[in-house]
Amino acid sequence: MSERIMLVRHVNRPAAIAAAEVARREIEARGLEVVLDEADAGRIDLVLALGGDGTILAAAEHARRHDVPLLGVNMGHMGFLAEVSADGIPAVVERIARHDFHVESRMTLDVTMRFPDGTEVSDWALNEAVIMHTNVAHPVHLALVVDGQDVSTYGADGIILATPTGSTAYSFSAGGPVVWPDTEAIVMAPLAAHGLFTRPLVVGPSSVLEVVVLDNLWTAPEVWCDGLRRTTAPNGTSVVARVGRHPLRLARLDDTPFATRLVRKFDLPVRGWRSRSVGIAGSPE
């Protein structure tokens, strides 16, 4: 039985569309089967995503549902979730065909929204769940509860609840810490918050974070999971996040340390300092 590779691409980016056609030809040339439509997916063995991190996050839904590895080809800008660039597609497909890759387990979030009428909606996130205001002229009022303990209240644009994988995404832009992806932790990062305690927090894998939407709303905020799925959260809604029961399997082609990828992605200014002569006191000689 031939292996089946699901292709997910950015639908509006010409380069991604062209790259997907190259990938399709390369996959079929090696006797593997290409799947383009989830409705006809049946069994799949790997998801190959071509696009930016947004496309890869969308593809993660398929990989998680089928419990198969996800491999991303970067057609965007930052591409923290991507493994390679588009010019390496033939080599990527060859390595897929040879099973020449390893798989990392990435922590996810299980997100439960409990509404004032007693109903609940469940979702999940690979990067983050964001409780976000919908009126740009007014903040949303939120309370933070950690492991059943009331911690603080905020007037803010919102609150980000992020995984280590998502710590280099929206949470990072909000001033949250970079967390190595093999860490099990949840990051809470307020967005433009007013309050006595507005620092980001990092909690352990057994902790449960709860954000409660308080009164004094102009318009109801929304909960966004990975920037893909949106739920309106009226006054009194409770958003509960904990470490997900089902991690995502992310395929990687090399063993480059995360620190090296971090330096490359952000183009950090590290070159040259090792060649300087430094005195005992720590100042140049």
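Is Asp147 buried, exposed or partly exposed? Asp147 counts as partly exposed, because its relative accessibility is 48%; the cut-offs are under 20% relative accessible area for buried, over 50% for exposed and partly exposed in between, with a 1.4 Å probe and protein chains only. You'll find Asp147 in the loop between β10 and β11 (149-156). Its phi is near 55°, a positive value in a residue other than glycine.

Before we go on, a word on what you're looking at. This is a predicted model, in which local features need pLDDT of at least 70 and side-chain atom pairs count only at pLDDT 80 or more, while totals for chains, interfaces and linings use all residues. Residues are numbered from 1 along each chain as its sequence is written, and side-chain values use heavy atoms, with hydrogens and water left out.

Now step back to the whole chain. The protein chain has five helices and 19 strands, taken as DSSP runs numbered from the N terminus (helices are H or I, at least four residues; strands are E, at least two). Its C-alpha trace spans about 65 × 60 × 35 Å along the principal axes. Of its 285 residues, 46% are buried. Take the contacts (heavy atoms within 4.5 Å) between residues at least 6 apart in sequence: 67% of them join residues at least 24 apart.

Let's head inside. In soluble globular proteins, nonpolar side chains tend to be buried together. Here the largest nonpolar core has 29 residues; such a core is a set of buried Ala, Val, Leu, Ile, Met, Phe, Trp, Tyr and Cys residues joined through side-chain atoms within 4.5 Å. Leu144, Leu161, Met188 and Leu209 touch the most other members. Strand β10 (residues 140-146) gives the most to this core, with four residues. Apart from this core lies another, of 21 residues, including Ile5, Val34, Ile96 and Leu253. As for Leu161, leaving aside neighbours within four places in sequence, its contacts include Leu109, Ile131, Val187, Met188 and Leu209.

Next, follow helix α1 (residues 14-29). Its 16 residues should span 22 Å at 1.5 Å a residue, and the end C-alpha atoms are 23 Å apart, which agrees; the expected span is 1.5 Å times one less than the number of residues. Ala16, Ala19, Ala20, Ala23 and Ile27 are buried in α1. These residues sit on the same side of α1, because they cover an arc of only 105° around the axis, judged by the directions from the helix axis to the C-beta atoms. They pack against β1 (4-9), β2 (33-35), β3 (46-51) and α3 (89-97). Over on the other side of α1, Pro14 and Ala29 are exposed. Just after the helix, Gly31 takes a positive phi of about 80°.

At 53% relative accessibility, Asp267 counts as exposed.
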